Amino acid sequence: MSASDYIKLRGGKPLIGEIVLRGGKNVVPKLMVAALLTDEPVIIRDVPKIEDVEIMSTIFRRLGVEIEEIRPGTLQITAKNIREMKPNDLKGISGRSRIPILMCGPLLHRFGRTVVPHSGGCNIGPRPVDFHVKALRELGAIYNENDDSGYFVTKGLRGTTITLEYPSVGTTEQVILSTVLADGLTELHNAAVEPEIMDLISMLQKMGAIISVDTDRTIYVEGVDSLSGTVHTGMPDRNETASWACAAIGTNGRIFVRGAQQLPMMTFLNKFRQIGGGFDVNRDGITFYRENGHITPITLETDVHPGFMTDWQQPFVVALTQAKGQSVVHETVYENRFGYTESLNDMGAKIKIFEESPDQIKSRFGKRNYRQSVTIEGPTKLHGAQIEVPDLRAGFSYVVAALIAEGDTTISNFKVLQRGYEHLVAKLQSLEAEILEIKTSL
Ligand code: EPU
């Protein structure tokens with residue numbers, strides 16, 4: 001356990017108060033990439049101070065892109081003087097984020113060539129980029145290797161018909177960002193349609209792109225000759241909304257999430273209500289609480305939008321440790337996203353992991369011994385422990401568990417939460433969480 005990066009929390013007190021959301025972790029860095037498609041200034045508002053934004057700002061500066069915080073939380077990006085990306089531009093960054101690979105399309109349009117960034121992100125299964133590479137090849141990019149780096153080169157990206165094997169969020173964004181300026185029409189079948197993708201499309205539309213979305217998961221992109229600058233506000237973070245909702249029901253508190261929107265949270269709100277969560281929606285946000293003092297068990301599976309998001313599952317599971325009866329959660333998006341439950345069991349939870357779905361739901365990963373389902377027996381009294389954050393969403397779920405638990409919990413590797421939760425410590429303090437010690441760069 002690192003002595004320099006941990007938080008010690010005392011549980012047993014409800015979280016009460018208000019937090020303010022900013023633009024989503026899974027949208028704002030992609031809006032930044034879209035700014036590379038024009039020479040004109042692009043202004044992005046409600047930019048959170050999180051790691052992916054910092055990583056993209058660092059790469060942009062190295063490439064000669066002007067990036068300036070013109071007001072707190074508002075970035076102005078001008079890519080007029082951008083130069084080609086070389087391996088050195090990714091020094092210290094490779095493997096830390098899934099965003100830089102999305103720069104391939106814009107850079108191929110500008111220079112006909114780009115180094116391919118190594119992808120990264122949370123440690124939740126292998127997380128390959130094979131769909132991205134396949135799609136770029138279909139659009140006319142050729143992959144080469146040279147001095148230990150992979151490069152894409154192209155004589156010009158061309159619109160075509162692409163069918164994704166799975167509605168991958170990143171690959172859908174890759175195709176959109178690569179085809180808005182491509183020659184001709186692109187038809188993307190089996191596309192992801194997450195609200196964050198629609199937000200990216202809205203910004204691109206303001207920049208001059210022609211993109212339409214059909215109800216059957218087909219996205220059509222008609223290539224245009226050029227795009228112009230724009231001003232855009234990133235949509236509020238849905239994952240952070242769900243995280244605080246679970247903290248409210250789990251601790252039997254009451255949290256107003258300023259900026260939370262009902263429509264993109266509809267699936268979450270249904271499940272939240274089914275387990276006994278209460279919520280009041282108003283123009284400025286949503287207040288979350290426990291409706292009648294107790295939590296009801298549930299069976300649910302994660303899915304691509306409009307399903308229940310994989311990133312909501314972890315704090316939801318913690319709340320379900322307080323439900324009366326057995327819940328079942330089946331993960332279908334990632335092959336390995338339940339490892340975090342072992343530490344919850346160390347805190348007194350009764351969670352069992354199964355390789356097969358108990359209710360025989362067919363898994364897209366087949367019989368490859370992935371641990372994809374859990375049963376959660378509740379209610380269980382949680383007690384303090386020493387635990388270590390394995391990934392972002394699991395990390396937040398540990399915070400919720402620690403705040404429910406009796407006694408003190410030390411959570412190490414806490415800085416991982418910086419990847420997706422802006423000003424987390426200040427938010428916990430404002431909700432009157434009992435923080436006994438804190439040593440972290442958050
Ligand atoms: N996949 C492949 N090959 C690829 C790409 C994806 O096999 O080339 C697989 C993945 O391994 C996974 C599934 O397809 O099993 C879905 O991955 P997807 O591409 O949809 O995910 P992503 O774009 O890498 C984004 C979010 C994740 C979120 C997922 C699913 C960002 C930066 N990340 O990842 O967010 O879980 O979509 O909604 O947008 C988080 O916020 O904590 C987080 C991990």
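**Ground rules.** I am looking at a predicted model, where local features need pLDDT of at least 70, side-chain atom pairs count only at pLDDT 80 or more, and totals for chains, interfaces and linings use all residues. Residues are numbered from 1 along each chain as its sequence is written, and side-chain values use heavy atoms, with hydrogens and water left out.

**Entry 1: the two domains.** I looked up how the protein chain is divided, and found domain 1 (6-21 + 236-439) and domain 2 (28-233). The bounds come from an automatic or database domain assignment. Taken over C-alpha atoms, the domain centres are 30 Å apart.

Next I checked where they meet. I found 20 residues of domain 1 in contact with 22 residues of domain 2 (contact means heavy atoms within 4.5 Å). Together the two domains bury about 1,900 Å², with 53% of that on carbon and sulfur atoms. Buried area here is the accessible area (1.4 Å probe) that two parts lose on being put together, summed over both.

Between domain 1 and domain 2 I count 1 salt bridge (a side-chain nitrogen of Lys or Arg within 4 Å of a carboxyl oxygen of Asp or Glu). Across the interface there are 6 residue pairs in polar contact, both residues at pLDDT 80 or more. A polar contact is a pair of N or O atoms within 3.5 Å; within protein, one must be able to donate a hydrogen and the other to accept it, and residues adjacent in sequence count only if both atoms are side-chain atoms.

**Entry 2: helix α7.** Helices (H or I, at least four residues) and strands (E, at least two) are DSSP runs, numbered from the N terminus. Helix α7 covers residues 238-250, and its 13 residues should span 18 Å at 1.5 Å a residue; the end C-alpha atoms are 18 Å apart, which agrees. The expected span is 1.5 Å times one less than the number of residues.

Is α7 enclosed or open? I found 13 of its 13 residues buried, so α7 is largely enclosed by the rest of the structure. Buried means under 20% relative accessible area, exposed over 50%, partly exposed in between (1.4 Å probe, protein chains only).

At the start of α7, I saw a side-chain oxygen of Asp237 within 2.9 Å of the backbone nitrogen of Asn239. Arg238 makes a salt bridge with Glu196, with the closest N and O atoms 2.8 Å apart. After α7 comes Asn252, with a positive phi near 60°.

**Entry 3: Thr251.** I found Thr251 in the loop between α7 and β14 (254-258), buried at 9% relative accessibility. Its side chain reaches the backbone oxygen of Ala247 at 2.8 Å. Beyond its neighbours within four places in sequence, Thr251 is in contact with residues including Lys13, Arg290 and Leu403.

**Entry 4: Gly23.** I looked in the loop between β2 (16-20) and α1 (28-34) for Gly23. Gly23 is buried, at 3% relative accessibility. Not counting residues up to four places away, Gly23 touches several residues, among them Asp46, Pro48 and Asp237.

**Entry 5: Asn282.** I placed Asn282 in strand β15 (residues 277-282). Asn282 is partly exposed, at 41% relative accessible area. A polar atom of the Asn282 side chain lies 2.8 Å from the backbone nitrogen of Asp284.
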